[in-house]
Amino acid sequence: MADKPTLTPIWLDPKGPATPRPMVTPEQRETDPNKIHNFLSDLGSLQPTVLQFGQALFDRKHDPEAQADEQSRAEFEAMGKDSNAIGEQMKSGAYTPKTVQALGARQGLVAANEAQDAIVKAYGESADPASFDQNAAIGDAREKFRERFGNNATAMRFFEQSLADLPSKLQASKTATATKNFVQQRDMTLAGAFDAAMTQAKDPTAMGAIVRQMVKENTDFIHAAPAEQAALLQGLVIKAGDNGDVDKVNVLGDIDLGSGPLKNVMGQVFQNAQQRATNVADGRIKEDFQTKLFGWMQSAQTGSLTEDQKKEATAFSEAHPKIFTAAGLNSIFNTQAAALKSQANSLAEEQRANAKDIFLAQGSVQLSEAVNSGAIKSAVSRDGELQLANGKTATVPRKEIIMGAIKANAEVARQNAMAAKAGSKATDAEIREAGTDAYLEIYTKNDELPDDLADAAKGVLSSSRADDEPTPTQISQAHELVRIATKAPGLIDTIVKSDKDRAFVDSLTASAQAKLDPKAALKRAIADRDNYDATAPLDRKTEAATVDTVMKSLTTGNDGWGPFNWGASTYGGNESQLKALAMRTVRQLYRGGRSAEEVGDIATKKLKANVTNFNGQSIDMTGLPISKPETAAPMFEAARKRILENPNFKGVDPKTLSFQRVGNTDRFVVVSSDGILTHTLSTNFQQLFLMYQDEHGREEKNKKASALAAGVQRTVDQDRMVNPPMPLNLGGFGPSHD
């Protein structure tokens with residue numbers, strides 16, 4: 001390598017004194033190279049630093065390494081810039097021609113990439129890539145970038161070289177796209193045909209045969225290779241798995257297109273499709289089951305589960321026993337049965353309530369006659385039955401018929417009495433009293449007490465206390481207690497159960513008859529009740545005389561308290577028992593605060609209100625549900641007839657057979673005054689009444705049979721006129737508890 005050229009320094013030495021500077025005149029351009037060199041030498045000798053600077057410029061221009069460094073820096077600065085920015089970099093004038101040439105090559109490459117990207121994008125976004133004019137697009141790009149390159153031939157050359165193979169690439173892409181589209185369209189058509197054929201097949205076996213036939217036809221006519229069709233079928237296997245079509249997955253898996261069954265070719269993919277199909281199918285079945293179960297349960301809960309729903313539920317349980325177990329199916333049916341039973345019970349209750357109203361309305365005339373004559377309990381001997389519009393028979397309990405009829409007629413009597421009293425210029429209180437008396441009379445005529453009045457009477461018995469000032473409510477209740485004691489003395493003992501309470505009632509009744517102030521009368525009754533145990537007994541002489549007076553009074557005729565008709569000296573076969581009852585009554589009244597002078601009269605009235613006589617026997621009816629004891633005679637007579645039918649009582653004189661009550665209970669024993677009885681019989685009040693009912697029913701039946709035999713057809717009302725019912729005014733077993 002030759003040595004680098006160097007500059008020789010020339011030192012300038014000024015000679016002589018300075019001379020005046022002449023005027024500057026224009027000079028001709030120096031063209032002699034020697035003179036120019038001498039000038040530079042002279043100039044360089046002026047200063048060493050100027051020489052060094054010039055050497056550096058010279059080295060930089062001619063040094064290859066420096067040239068390479070400059071080019072590298074320029075290319076580094078051009079990195080990431082677009083073709084336009086590189087062009088601006090080249091125009092800066094900071095580079096040597098070689099560096100500018102290198103930047104031109106880079107600009108051409110970058111511009112080619114930009115043009116290619118724009119053309120490919122336009123191709124991709126074209127509505128019809130197959131008809132895209134790539135030559136026109138490249139020509140447009142060439143014209144655009146030529147203006148940017150200017151006269152830089154290097155940029156133009158590299159631009160053209162980079163785009164040289166773009167037309168062939170675009171053409172190849174067109175061909176590939178067309179081929180791909182054709183194959184995709186064909187495959188979509190084939191897949192759709194496969195799917196449609198499989199959907200139309202009635203069973204899996206037929207579906208497999210159809211698919212195999214289609215594969216053969218596709219191979220023969222459209223030249224679709226079995227391997228290509230196998231790929232389509234594999235896609236259908238996966239699709240069938242996603243759709244939960246287990247049968248389709250299995251049938252497709254058994255198809256062999258030359259490489260073995262698809263399930264073997266697909267391997268784990270097929271197994272996954274199978275599991276997926278099972279899971280999806282089970283999920284669909286469970287979802288369907290939840291919908292069906294909701295409908296079944298909703299219908300069952302309302303008792304409206306149809307036969308079709310039952311069959312559907314049974315079939316589902318048999319097809320999917322793990323999802324819908326037999327126990328679940330039975331639960332549906334049990335719910336239906338429970339709902340129907342509940343509905344039947346509710347309907348029966350509703351029908352029964354309505355039936356009572358219908359029954360009372362239909363028999364209102366006859367029932368009203370029976371109530372007002374005091375014979376409702378004998379007239380209604382059994383439960384009522386009513387044929388309803390729905391074909392069912394509703395039963396109305398006998399007790400409800402009796403109490404419903406009594407209440408209805410009692411309300412009518414109350415309103416009639418109040419209306420009649422209102423016409424007499426009576427006060428409001430007097431009008432209400434008249435209505436209540438008439439209301440109570442209907443009940444007591446049928447040996448019942450109305451619940452409202454009985455509850456009021458019981459209220460004052462339980463709430464009155466010596467230390468408390470009587471309240472208006474207690475005074476009103478006491479008034480109702482006195483009403484019952486005076487208007488229905490035979491029923492007062494159905495609500496008064498103790499001797500102390502009897503003393504309370506007797507005291508209150510006596511004060512009311514003496515017209516004592518109500519508050520004072522109530523206080524006195526409370527005191528008499530509280531002092532009952534502490535009162536000294538009546539002296540024996542006075543007591544004996546009082547009892548004797550009572551016993552003599554009982555032998556008199558009918559004085560309004562009951563027809564004993566025993567004769568002047570006859571007290572019945574159990575005179576000692578009657579006398580004991582009279583003594584107990586006298587003692588109770590005296591201990592209850594009544595004076596010795598008044599106990600005899602009160603005791604006589606009490607006994608006449610509660611004692612009757614049947615076949616020479618006095619029978620105490622105190623506390624039993626009968627308003628007037630003498631009206632019990634038909635019951636005892638009917639019971640006597642039934643008892644005499646018993647072989648054990650054969651030969652007993654009917655006139656001597658009677659009944660005797662056991663203490664204060666509701667039991668009775670059969671007795672005879674001649675001592676011939678060899679068997680005793682115990683019964684109770686309810687049984688005595690049932691005997692009466694049976695006997696009365698038999699008599700009614702015999703009457704109808706006799707009328708028919710005689711050729712006489714009577715209506716119900718006519719038969720009642722000819723053969724009225726027996727006048728029995730009893731039949732219950734306590735007020736409102738018949």
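Is aspartate 447 buried or exposed? I looked it up, and aspartate 447 is buried, with a relative accessible area of 1%. (Buried is under 20% relative accessible area, exposed over 50%, partly exposed in between, with a 1.4 Å probe and protein chains only.)

**Ground rules.** I am reading a predicted model, where local features need pLDDT of at least 70 and side-chain atom pairs count only at pLDDT 80 or more, while totals for chains, interfaces and linings use all residues. Residues are numbered from 1 along each chain as its sequence is written, and side-chain values use heavy atoms, leaving out hydrogens and water.

**Aspartate 447, continued.** I found this residue in the loop between helix 19 (428-445) and helix 20 (451-463). Its phi is positive, about 60°, although aspartate 447 is not a glycine. Most residues other than glycine have a negative phi.

**Whole chain.** I noted 29 helices and seven strands in the protein chain; helices (H or I, at least four residues) and strands (E, at least two) are DSSP runs numbered from the N terminus. Of its 738 residues, 37% count as buried.

**Helix 23.** I checked residues 518-530: these 13 residues reach 18 Å from first C-alpha to last, close to the 18 Å expected at 1.5 Å a residue (the expected span is 1.5 Å times one less than the number of residues). Ala521, Leu522, Ala525, Ile526, Asp528 and Arg529 are buried here. Seen down the axis of helix 23, the buried residues fall within an arc of 165°, so they line one face; the arc is taken from the directions from the helix axis to the C-beta atoms. At the N-terminal end, aspartate 517 is the cap, with a side-chain oxygen 3.2 Å from the backbone nitrogen of lysine 519.

What does phenylalanine 504 touch, not counting residues up to four places away in sequence? I listed Val460, Leu461, Ser464, Leu481, Leu522, Ala525, Ile526 and Arg529, with contact meaning heavy atoms within 4.5 Å. Phe504 is also among the residues with the most contacts inside the largest nonpolar core, which has 47 residues. (Such a core is a set of buried Ala, Val, Leu, Ile, Met, Phe, Trp, Tyr and Cys residues joined through side-chain atoms within 4.5 Å.) Helix 18 (residues 398-422) gives this core its largest share, eight residues. I also marked a second, separate core of 22 residues, including Ile619 and Phe649.

**Helix 26.** My last stop was residues 596-610, where the end C-alpha atoms are 22 Å apart, in agreement with the 21 Å that 15 residues should span. Its buried residues include Val599, Gly600 and Lys608.

Key. Polar contact = N/O pair within 3.5 Å; in protein donor to acceptor, adjacent residues only side chain to side chain.
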